[in-house]
Amino acid sequence: RRMADLARVTRWADALIALHLDPSVWSFGFDNAKTRAGQCNYTAHRITVSRYLAARYDDDEIHQILLHEVAHALAGSAAGHGARWVAIAREIGYEGSRLHDGTRADELAPWIGRCPAGHEFYRHRRPKSRLSCSLCARGFSSAHLIEWARRDVSAVRRDTLAQSR
């Protein structure tokens, strides 16, 4: 598996924008998302990809993420993941599903939870309500409550992880 290089991702994104959109209007950049791979910002006319997740995916996965977001830009904000978006996405070569189900940056999540059986869960925001382990019980179960602990995820560690993948 060849992992995507961020400079190469930028070149691909710029090429796709030049091919399908107006590069004097649309731009590309990286963002700091930890749970979504890409985003199409209609207001700023900017397509972004998570720098943390991009470094984990191979070239084909990144290309699909870029096509997904370009299809959003072409279809317009009202299209969502509906029929218009699907038709445009397929037309430009997108082969994936509506939503990305790949790797998340769980080691960057500042909240780690464990149930009594030891199953681990990660959150990038502090859980607001009591949660129980979905692996141990189907519905909410006070016997399987998840205990949350904050862990230090410094900016230095984030940068190190982003560059090492």
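A residue counts as buried under 20% relative accessible area, as exposed over 50% and as partly exposed in between (1.4 Å probe, protein chains only). Arginine 8 is buried because its relative accessible area is 13%. The model is predicted, so local features need pLDDT of at least 70 and side-chain atom pairs count only at pLDDT 80 or more, while totals for chains, interfaces and linings use all residues. Residues are numbered from 1 along each chain as its sequence is written, and side-chain values use heavy atoms, without hydrogens and water.

Arginine 8 sits in helix α1 (residues 6–20). Helices (H or I, at least four residues) and strands (E, at least two) are DSSP runs, numbered from the N terminus. The side chain of arginine 8 makes a polar contact of 2.8 Å with that of aspartate 59. Such a contact is a pair of N or O atoms within 3.5 Å; within protein, one must be able to donate a hydrogen and the other to accept it, and residues adjacent in sequence count only if both atoms are side-chain atoms. Aspartate 59 belongs to helix α3 (residues 59–75). Aspartate 59 is also buried, at 15% relative accessible area.

Now the nonpolar core. The term means a set of buried Ala, Val, Leu, Ile, Met, Phe, Trp, Tyr and Cys residues joined through side-chain atoms within 4.5 Å. The largest one has 30 residues, and Phe28, Val49, Ile62 and Leu66 have the most contacts inside it. Helix α3 gives this core its largest share, 8 residues. Phenylalanine 28 is buried, with a relative accessible area of 9%. Leucine 66 touches residues including Trp12, Phe28 and Val49, leaving aside those up to four places away in sequence; contact means heavy atoms within 4.5 Å.
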